Amino acid sequence: MIKGLLRVIAYILVCVTVQVTVLNHIHLFHVMTPFLYIYAIAKIPVGFTRIQVICIAFLTGLLVDIFSGTMGMHAATCTLVGLYRNPLMNAFTDKDSILEDASPSYRSLGTGAFMKYIFCLTLIHHITLYVIESISLFDLPYLLLRIASGTALTTLCIFVLEAFQPNRRSGEL
């Protein structure tokens with residue numbers, strides 16, 4: 001559990017740093033912005049309780065808010081992502097077949113289940129974030145374009161990042 005927590009803290013620090021220093025300044029075609037910090041929430045080990053996941057997700061969003069000046073948008077969005085993380089993982093996998101200290105990955109969940117899991121988490125994140133950001137649904141086609149394109153870009157970035165992760169045995173730091 002301690003090794004899992006240390007790994008989560010490392011993921012959060014790296015992902016938030018990359019998000020705030022690099023990715024917040026990338027706006028492809030003025031519609032797509034990758035949000036890589038979702039990866040840190042997605043990689044929380046399976047054995048963490050729902051409350052622990054929600055707290056970690058909230059703190060991750062709060063860090064992004066503090067360094068981006070977005071006044072709680074990312075904290076609210078990450079809290080919702082943390083709320084749905086465990087039910088989504090249970091929906092796409094057989095919980096008995098995964099070790100408690102394993103982090104979700106291509107290897108631990110299987111490629112198809114991991115891809116569905118990441119896509120759903122990213123979609124929930126982007127819908128929530130962009131609806132909060134727009135406050136109204138005045139320009140609905142543009143909002144839907146931002147949600148779809150941002151989800152696709154972030155999901156692709158996470159898949160590529162996960163493909164380059166070294167194969168670790170469960171429990172290794």
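Mentor: Buried means under 20% relative accessible area. Please keep that cut-off in mind, and note that the model before us is predicted.

Trainee: Understood. Which residues of H6 are buried?

Mentor: In H6, the buried residues are Ala 113, Phe 114, Tyr 117, Ile 118, Leu 121, Thr 122, Ile 124, His 125, His 126, Thr 128, Leu 129 and Tyr 130.

Trainee: What covers the buried residues of H6?

Mentor: The cover includes helix H2 (38-42), H4, helix H5 (106-109) and helix H7 (140-163).

Trainee: How many residues does H6 have, and how far does it reach?

Mentor: H6 has 24 residues, and the distance from its first C-alpha to its last is 34 Å. That is close to the 34 Å expected at 1.5 Å a residue.

Trainee: And what follows H6?

Mentor: Ile 135 follows H6, and the phi of Ile 135 is positive, near 60 degrees.

Trainee: Let me turn to H4. Is Val 81 buried or exposed?

Mentor: Val 81, which has its place in helix H4, has a relative accessible area of 0%, so Val 81 is buried.

Trainee: Which residues is Val 81 in contact with?

Mentor: Leaving aside neighbours within four places in sequence, Val 81 is in contact with Ile 41, Leu 121, Ile 124 and His 125. Leu 121, Ile 124 and His 125 are also among the buried residues of H6.

Trainee: How far is Val 81 from Leu 143?

Mentor: Their C-alpha atoms are separated by 19 Å, and the two residues are 62 residues apart along the chain.

Trainee: Now the pockets. What is the volume of the second largest pocket?

Mentor: The volume of the second largest pocket is about 150 Å³.

Trainee: Which helix gives the most to its lining?

Mentor: H6 gives the most, with three residues. Helix H4 (73-92) and helix H6 (111-134) each supply at least two residues of that lining. The residues that line the pocket include Phe 35, Met 73, His 74, Leu 129, Tyr 130, Glu 133 and Arg 146.

Trainee: How is the lining divided by class?

Mentor: The lining of the second largest pocket has four nonpolar, six polar and two charged residues.

Trainee: You named His 74. Why does His 74 count as buried?

Mentor: His 74 lies in helix H4. Its relative accessibility is 4%, so His 74 counts as buried.

Trainee: What does His 74 touch?

Mentor: Not counting residues up to four places away in sequence, His 74 touches Phe 35, Tyr 37, Gly 61, Val 64, Asp 65 and Leu 129. Phe 35 and Leu 129 are also among the residues that line the second largest pocket.

Trainee: A change of topic: how many disulfides are found in the whole structure?

Mentor: A search of the whole structure finds zero disulfides. Cys 55 is in no disulfide, and the nearest cysteine sulfur, that of Cys 78, is 13 Å away.

Trainee: Why is the sulfur of Cys 120 too far for a bond?

Mentor: A disulfide needs a pair of cysteine sulfur atoms within 2.5 Å. The closest cysteine sulfur to that of Cys 120 is in Cys 78 at 17 Å, and therefore too far for a bond.

Trainee: How do Cys 55 and Cys 120 count by accessibility?

Mentor: Cys 55 counts as partly exposed because its relative accessibility is 43%. Cys 120, at 21%, also counts as partly exposed.

Trainee: Which loop holds His 30?

Mentor: His 30 is in the loop between helix H1 (2-21) and H2. His 30 has a positive phi of about 65 degrees, although it is not a glycine. His 30 counts as exposed because its relative accessibility is 66%.

Trainee: And where does Met 71 lie?

Mentor: Met 71 lies in the loop between helix H3 (50-68) and H4. Met 71 is a residue other than glycine with a positive phi, near 50 degrees. At 81% relative accessibility, Met 71 counts as exposed.

Technical notes. Residues are numbered from 1 along each chain as its sequence is written. This is a predicted model: local features need pLDDT of at least 70, side-chain atom pairs count only at pLDDT 80 or more; totals for chains, interfaces and linings use all residues. Side-chain values use heavy atoms; hydrogens and water are left out. On a 1 Å grid over the protein atoms alone, a cavity is a set of points where a 1.4 Å probe fits but cannot get out, and a pocket is an open set with protein on both sides within 12 Å along at least five of seven lines; lining residues have an atom within 4 Å of a point. Grid points are joined across faces, edges and corners, and a volume is the space filled by probe spheres set on the points. Helices (H or I, at least four residues) and strands (E, at least two) are DSSP runs, numbered from the N terminus. Ala, Val, Leu, Ile, Met, Phe, Trp, Tyr, Cys and Pro count as nonpolar, Asp, Glu, Lys and Arg as charged, and the others, Gly among them, as polar. Buried means under 20% relative accessible area, exposed over 50%, partly exposed in between (1.4 Å probe, protein chains only). Contact means heavy atoms within 4.5 Å. The expected span of a helix is 1.5 Å times one less than its number of residues.
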